[in-house]
Amino acid sequence: MPAVKRRGVVVGSAVVLMLLANSGLASADDDFGNGSQKPSPPPVSGNADKDGKLSSTAGAVVFDRSKNGSGQSAGPVTSTASNWTPPACYYAPKYTPAQLKEYLEPIWEAGSTGYEWDAEQRKKFEGGDPYKDFNKDKAGEGYFWASYVTEGREGDPGALDCTRDYFWVDTGDPPPPEIPQAITPEMLAQLAYAEIRVPSTKVELAPEGTTKVNLPTWAWLDAADFKPVSVTASVPLLGVQATTTAEPISLKIEPGTADATTYPASGVCELNGDQIGEAFAKGKADETPPCGVKYLRSSGDDSYKLQATVTWKIHWTGTGVNGDQPLPDGEFGADQDVIVQEIQAVNR
């Protein structure tokens with residue numbers, strides 16, 4: 001495909017968002033009703049102007065982040081599956097017949113793309129091979145689909161994988177099966193995964209900030225901050241959506257030095273009810289913390305970088321899907337300084 005054509009299809013369509021490729025879930029036929037019972041076309045208002053043209057984002061993904069994690073310390077999770085990467089592009093509705101005509105004709109008339117390509121395009125979209133007069137006789141019954149590039153992935157090689165020219169899909173029909181990048185609820189769930197934000201994993205410590213050699217230090221997370229979060233991704237034009245939810249399941253503590261003992265020995269503190277770890281309280285000084293660390297050597301004039309990483313179980317549900325579907329677990333961690341001092345003995 002000529003480079004200029006790819007620019008028109010791919011880069012010119014770059015708008016929105018992303019994510020990932022998991023297998024074995026809902027199929028495109030299931031997602032879009034298998035074509036047997038077509039839903040009514042969406043209303044024109046909100047998606048099109050008075051001339052029936054789609055807005056620039058009508059076919060793009062819309063996110064509802066109202067149940068997401070928030071605050072300056074919130075951040076995105078990293079997939080625990082090392083070979084799981086997000087798609088850099090996907091296909092979704094882009095133009096009505098009138099809008100595609102308005103977009104392409106000035107390009108042809110300018111002659112900047114070359115006679116041969118212009119003639120091929122005119123034959124395809126005007127001359128009936130396969131679309132006659134931009135499919136105007138089917139206006140209101142479907143849309144021309146085009147590629148979108150995931151936000152922030154414009155420079156990735158994968159952004160050029162979606163090089164197929166504009167193609168028509170009737171409202172309610174699944175996209176062509178030979179196009180794996182066509183948007184589905186599963187892909188929406190993957191896009192929502194990338195939008196998940198979880199709170200900082202700075203743990204509460206007792207003693208706080210400065211501890212002593214061989215003194216067990218208790219660690220826990222504020223249960224109020226570590227609740228499930230979710231993001232919903234949808235394409236209103238198609239009436240499809242998916243909600244991706246992340247729930248905290250464990251905290252891993254890495255002391256920042258080999259001269260330390262963790263509680264439990266694995267360093268992984270599992271979620272217990274609505275909390276991870278247990279807050280220190282008076283009377284527990286002689287108890288072993290259910291979650292924590294004991295440093296065996298002083299940090300000297302420096303400090304140890306304790307790393308606390310929370311693992312989040314992530315799943316999704318959406319249009320055409322019964323029950324929760326798994327996605328790879330996610331992790332989010334942070335370092336914090338811990339000063340460890342020698343216990344000073346006083347001889348009298």
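A polar contact here is a pair of N or O atoms within 3.5 Å; within protein, one must be able to donate a hydrogen and the other to accept it, and residues adjacent in sequence count only if both atoms are side-chain atoms. This is a predicted model, so local features need pLDDT of at least 70 and side-chain atom pairs pLDDT 80 or more, while totals for chains, interfaces and linings use all residues. Residues are numbered from 1 along each chain as its sequence is written, and side-chain values use heavy atoms, leaving out hydrogens and water.

Select Thr201 to start. Its side chain reaches the backbone nitrogen of Ala334 at 3.0 Å and the backbone oxygen of Ala308 at 2.8 Å. Thr201 is buried, with a relative accessible area of 0% (buried means under 20%, with a 1.4 Å probe and protein chains only). Now show its contacts (heavy atoms within 4.5 Å): leaving out residues up to four places away in sequence, Thr201 touches Leu221, Phe226, Val310, Phe332, Gly333 and Gln336 among others.

Next, the largest nonpolar core: buried Ala, Val, Leu, Ile, Met, Phe, Trp, Tyr and Cys residues joined through side-chain atoms within 4.5 Å. Of its 72 residues, select Val61, Phe125, Ile183, Leu188 and Leu251, which touch the most other members. Colour residues 304-318 too: this is strand S17, which gives the core its largest share, 7 residues (strands are DSSP runs of E, at least two residues, numbered from the N terminus).

Finish on Leu188. Beyond four places in sequence, its contacts include Val61, Ile183, Ala233 and Val240.

Definitions and conventions. Buried < 20%, exposed > 50% of the residue type's maximum accessible area, 1.4 Å probe, protein only. Helix = DSSP H or I, 4+ residues; strand = E, 2+ residues; numbered from the N terminus.
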